Amino acid sequence: MTTATSYGAAHAALLKEGKKIQVGSHDGLRSRNSVGLSRRHVNLLSVSVPRPNPLIRAVSSPVKPETETKRSKVEIIKEHSNFIRYPLNEELLTDAPNINESSTQIIKFHGSYQQYDRDERGARSYSFMLRTKNPCGKVPNKLYLTMDDLADQFGIGTLRLTTRQTFQLHGVLKKNLKTVMSSIIHSMGSTLGACGDLNRNVLAPAAPFARKDYQFAQQTADDIAALLTPQSGFYYDMWVDGEKIMSAEPPEVLKARNDNSHGTNFPDSPEPIYGTQFLPRKFKIAVTVPTDNSVDLLTNDVGVVVVTDADGEPQGFNLYVGGGMGRTHRVETTFPRLAESLGYVPKEDILYAVKAIVVTQRENGRRDDRKYSRMKYLISSWGIEKFRSVVEEYYGKKFEPSRELPEWEFKSYLGWHEQGDGGLFCGLHVDSGRVGGKMKTTLREIIEKYNLDVRLTPNQNIILCGIRKAWKRPITTALAQAGLLEPKYVDPLNLTAMACPALPMCPLAITEAERGMPGILKRIRAVFEKVGLKYNESVVIRATGCPNGCARPYMAELGFVGDGPNSYQLWLGGTPNQTSLARTFMNKVKIHDLEKVLEPLFYNWKRKRQSKESFGDFTNRVGFETLQEWVEKWDGIVATRSTYNLRLFTDKDTYEKMDELAKFQNKTAHQLAMEVISNYAAAQQNGKGE
């Protein structure tokens with residue numbers, strides 16, 4: 001490898017003179033001639049820029065002589081985009097309701113996808129989905145209120161909380177894009193880099209604890225997000241006419257970005273880290289503290305864990321690399337993968353270490369076939385030792401051995417908690433992250449009335465922050481009336497379930513996910529009751545409409561991955577603390593056949609598990625061959641008549657109130673009443689009753 005060379009200045013100078021240049025193609029971004037590019041004859045004039053002395057020796061396999069490296073179409077689109085401007089800047093000015101193919105790739109970097117309603121027949125009704133970028137899931141009061149307004153004025157009347165702590169706003173028409181984007185930008189928000197081939201939203205625990213380790217993790221996430229934010233101004237040129245609306249960056253971020261002592265940067269380029277080609281594919285980072293796996297740490301390209309001393313003072317970070325969820329059906333060379341340990345760095349080096357990892361992927365990740373462009377495939381091909389040695393050359397130091405950490409736990413932060421600064425926060429469960437109807441109206445009223453900031457969680461939930469103790473009772477009452485119940489009143493299966501939006505708006509969806517999840521959960525609850533599992537027992541269930549894995553189904557104890565109309569691939573073997581990868585159990589399971597598969601699995605889990613053994617651990621211990629045999633030989637169980645005949649409602653008024661509340665959760669009054677009674681009884685039995 002060599003220092004990344006800049007041809008941007010020469011290119012601009014020639015364009016100013018009205019001349020054309022000979023454009024090169026990339027093998028990753030490795031230099032192969034005088035301008036760090038292999039030549040493709042498309043114009044008249046070639047530019048010669050002296051090649052710098054190599055600082056780091058190439059480590060990838062050499063390209064065969066006289067063979068031009070194949071590149072994907074997206075790589076060529078990025079190269080000709082003038083740093084992510086063209087042809088989107090022209091397409092936005094047309095009267096057409098949609099944009100062309102090249103622009104659909106470019107607008108991703110701006111935080112948007114072009115979509116159409118697949119439920120509709122006839123001519124396509126185009127619209128755009130916008131995704132915000134909120135490091136740590138932080139949402140200032142003003143931004144939340146703006147997003148709420150925009151959903152009603154320009155969207156479909158709902159907000160979608162994502163699995164990466166951001167908002168998605170669906171249904172925005174092309175003619176309204178600039179208005180919506182500029183409103184977000186002027187309200188302390190951004191969509192820059194929420195999609196596209198660059199660093200996406202940086203995750204961190206959403207809980208607003210006043211503890212040193214949590215605050216340090218969240219600040220680190222903010223700094224990493226700033227370090228890897230595009231610098232060439234294309235976003236602000238497009239949406240606010242070049243007006244720069246940015247907060248001042250910490251000096252350590254500027255210093256780390258500009259440092260080129262180990263050949264990481266493109267000197268004099270508008271994009272010192274990304275260059276013209278940005279990264280081969282999306283890049284995901286999560287930061288957390290020991291024990292807190294609310295961020296699904298091992299599913300990220302880079303996982304960063306704060307390490308403290310005995311007094312709780314942050315000292316450095318353990319780094320994990322190579323996680324990723326996406327795969328392709330029937331292509332066995334694509335796969336989900338867990339991140340593995342890279343090493344430890346002192347706290348002052350974290351930005352340089354992360355930058356070195358990003359540059360290693362930039363230089364060596366595949367750019368010919370996007371199925372294999374994520375960093376997990378590079379590490380899988382090279383092995384962790386080779387990957388570490390290359391990163392160390394860009395980092396300029398050796399990684400220290402990783403520090404020992406305690407066991408991971410999944411933490412949802414639902415319910416009421418002390419922040420540690422005198423205030424309270426309240427975590428609210430939102431089914432599949434969809435905020436609409438009475439829930440949306442009530443949340444807005446509370447957030448506006450009490451001037452609250454908000455945090456979004458990686459589990460599609462929302463946290464209200466900075467609540468005074470005197471406000472707890474009126475807020476609790478208002479939330480309950482909108483169906484936003486305390487977690488003890490929500491079905492435990494719902495509390496950890498996740499689903500991607502899928503149909504009708506996602507163009508990649510093969511079948512339902514979000515819209516199908518309520519029915520799936522109800523049917524699984526019915527199976528639980530049939531086989532004798534207790535109400536407070538649960539399983540982590542996740543569903544996606546395609547194999548790309550946006551809801552991280554490959555970490556679930558029971559994962560549903562769309563593989564055909566009304567059909568799912570079933571994955572088993574994830575664990576509640578999100579540290580084990582699930583495996584494919586069955587293909588092409590039709591939605592109406594779920595009970596035939598799930599009944600024998602849950603029946604045997606109930607009867608043959610070890611003490612406190614989770615469903616995921618049970619399936620891994622027993623083995624898929626045995627599980628398959630149970631399913632194939634299952635004849636069903638004989639349902640016994642209940643000896644209980646409870647009359648839950650003694651008057652019509654109580655029933656009607658319960659029925660109205662149950663409708664917000666898509667349940668019957670009887671179901672909700674039974675859940676409340678069961679939860680209350682369980683809490684009393686465990687000594688947790690109030």
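1. Pro 406 touches Pro 290 and Thr 291, leaving aside residues up to four places away in sequence; contact here means heavy atoms within 4.5 Å. The C-alpha atoms of Pro 406 and Thr 291 are separated by 6.1 Å, although the two residues are 115 residues apart along the chain.

2. This is a predicted model, in which local features need pLDDT of at least 70 and side-chain atom pairs count only at pLDDT 80 or more, while totals for chains, interfaces and linings use all residues. Residues are numbered from 1 along each chain as its sequence is written, and side-chain values use heavy atoms, with hydrogens and water left out.

3. Pro 406 lies in the loop between α12 (384–395) and β12 (415–418). Helices (H or I, at least four residues) and strands (E, at least two) are DSSP runs, numbered from the N terminus. With a relative accessible area of 43%, Pro 406 is partly exposed; buried means under 20%, exposed over 50%, and partly exposed in between (1.4 Å probe, protein chains only).

4. Helix α11 (residues 375–382) is mostly covered, since six of its eight residues are buried. These are Met 375, Lys 376, Tyr 377, Leu 378, Ile 379 and Trp 382. They pack against β9 (302–308), β10 (314–321), β11 (340–346), α10 (350–364) and α12. After α11 comes Gly 383, with a positive phi near 90°.

5. A search of the whole structure finds zero disulfides, a disulfide being a pair of cysteine sulfur atoms within 2.5 Å. Cys 136 is buried, with a relative accessible area of 0%. Cys 426 is also buried, at 3%.
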